[in-house]
Amino acid sequence: MLKLKLDYDKAGLEVRLPKAAVAKVFAMKSRKALKSPGKAIKQSLLKPTGTSSLITLARGKKRVCIVISDKTRPVPNKIILPPLLALLKQAGVKKEDITILIGTGTHEPTEGKYLVELLGKKIIKEYRIENHDCLAKKDLAYLGKALGVSAWVNKTYFEADLKIVTGFIEPHFMAGFSGGRKGICPGIAGLETIKVFHSPKLLESKYAAGGNLRRNPCHALANEVSRLAGMDFLLNVTLNAKKQITGVFSGHPIKAFEKGIEFCRKSVTDHAKEKLDLVLTSGGGAPLDRNFYQTVKGIVGALEVVKKGGTIIIASGCKDGVGSRHFKELLRGMKS
């Protein structure tokens with residue numbers, strides 16, 4: 001028997017399979033974690049890609065907004081935020097002039113114990129933390145049309161003097177790769193904009209696929225909304241299978257992102273020689289598999305290697321159930 005451990009919630013899930021039935025085990029390539037991630041982040045912020053150092057950009061700024069991912073993403077905020085906040089302080093930015101904005105998209109707000117897990121008590125105590133609300137029109141700024149789509153983004157972010165977006169880069173089942181512009185769209189976009197980003201018209205494109213940016217309509221829309229909203233500085237990381245930091249990419253919103261993508265491609269891509277009858281996969285483990293909404297990503301990923309009419313079995317913790325109220329409402333509106 002072949003013993004495997006699937007990423008499932010926090011503890012993992014052990015499975016045993018007959019060796020003769022297993023055609024291939026797909027996995028990320030082994031990549032070592034950075035020995036001193038905090039130091040690497042600081043160095044990157046001081047010598048970023050394609051722009052001035054964060055200290056130079058931050059001097060004299062009165063309203064700083066830092067966008068972070070919500071509880072459904074494994075971004076190591078407790079590691080990446082301290083050096084960033086320290087450099088802002090060094091540049092003369094006061095704590096009361098900084099807002100940490102959680103990019104929820106259409107997800108539920110990150111609060112209580114989840115917020116502590118995300119940021120730690122010290123950051124919560126010392127800084128203003130806001131959850132983006134895609135439905136709160138009074139808190140949204142209208143940017144005009146992005147590729148014919150009404151573009152709305154969080155007003156706190158749009159009106160800031162210094163706009164910083166953080167996140168991590170991995171293949172994304174419809175936008176090609178996560179990170180970069182996705183921190184803004186759908187992260188802090190209005191529901192009217194997100195509905196189009198998640199619409200069948202975009203998702204049914206053969207170019208809206210994992211690892212592909214060329215002619216990808218989801219990527220194009222996110223890029224344009226991001227351009228209209230503005231982004232002064234990007235801080236993205238890449239992670240290994242243990243969710244440890246393997247690379248840091250900061251600076252110009254496009255140049256730094258592209259550099260991170262190239263690094264990511266070398267780490268995460270695996271290939272099948274032929275399509276398979278049955279694919280056993282997982283939702284990626286905590287916090288990626290906290291609800292069914294997120295689990296769909298694992299299912300779509302498996303579609304690439306399963307035969308037509310084949311079977312996908314996915315193990316996913318779903319500790320938070322189906323997903324946000326917005327997602328539940330969308331499901332209830334389906335006729336089949």
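The crossing of helices H1 and H3 is right-handed, a crossing being right-handed if the near helix is turned clockwise from the far one by less than a right angle, and left-handed if anticlockwise. In this predicted model, local features need pLDDT of at least 70 and side-chain atom pairs count only at pLDDT 80 or more, while totals for chains, interfaces and linings use all residues. Residues are numbered from 1 along each chain as its sequence is written, and side-chain values use heavy atoms, with hydrogens and water left out.

**Helix packing**

Two packed helices are described by the angle between their axes and the distance between the axes. Here axes are lines fitted to C-alpha atoms, for helices over the stretch in contact, and angles run from 0 to 180 degrees between N-to-C directions. Helices (H or I, at least four residues) and strands (E, at least two) are DSSP runs, numbered from the N terminus.

| Helix pair | Axes come within | Crossing angle |
|---|---|---|
| H1 (residues 37-46) and H3 | 9 Å | roughly 45 degrees |
| H3 (residues 77-90) and H4 (residues 112-119) | 7 Å | roughly 60 degrees |

H1 and H3 are therefore oblique to each other, and H3 and H4 are likewise oblique. In this scheme, angles under 35 degrees count as roughly parallel, over 145 as roughly antiparallel, 65 to 115 as roughly perpendicular and the rest as oblique.

Contact means heavy atoms within 4.5 Å. Between H1 and H3 the contact is made by Pro37, Gly38, Ile41, Lys42, Leu45 and Leu46 of H1, together with Ile79, Ile80, Pro83, Leu84 and Leu87 of H3. By class, this contact has nine nonpolar, one polar and one charged residues. Ala, Val, Leu, Ile, Met, Phe, Trp, Tyr, Cys and Pro count as nonpolar, Asp, Glu, Lys and Arg as charged, and the others, Gly among them, as polar.

**The sheet**

Six strands form an open sheet of mixed pairing, in the order S5-S4-S3-S8-S11-S12. Strands S5 (128-131) and S12 (245-251) stand at the edges with a single partner strand each, so one side of each is left without a neighbour in the sheet. Neighbouring strands are turned by 20 degrees against each other on average, direction ignored. Two strands pair if DSSP finds at least two bridges between them.

S3 and S4 run parallel and are joined by six bridges; within this pairing, Ile102 in S4 is the bridge partner of Ile68. Four bridges join S4 (residues 98-103) to S5, and these strands also run parallel. Ile100 stands opposite Ile129 in S5.

H3 lies across S3 (64-69), S4, S8 (162-168), S11 (233-239) and S12, running at about 170 degrees to S3. Helix H10 (residues 255-268) lies across S11 and S12, at about 160 degrees to S12.

**Buried positions**

Buried means under 20% relative accessible area, exposed over 50%, and partly exposed in between (1.4 Å probe, protein chains only). Six of the six residues of S3 are buried. Val64, Ile66 and Ile68 cover one side of S3, and Cys65, Val67 and Ser69 the other.

Ile164, found in strand S8, counts as buried at 0% relative accessibility. Leaving aside residues up to four places away in sequence, Ile164 touches Leu54, Val64, Cys65, Ile66, Val67, Leu84, Leu88, Tyr157 and Phe233. The C-alpha atoms of Ile164 and Gly251 are separated by 9.5 Å, although these residues are 87 residues apart along the chain.

Thr295 lies in helix H11 (residues 292-303) and is buried, with a relative accessible area of 3%.
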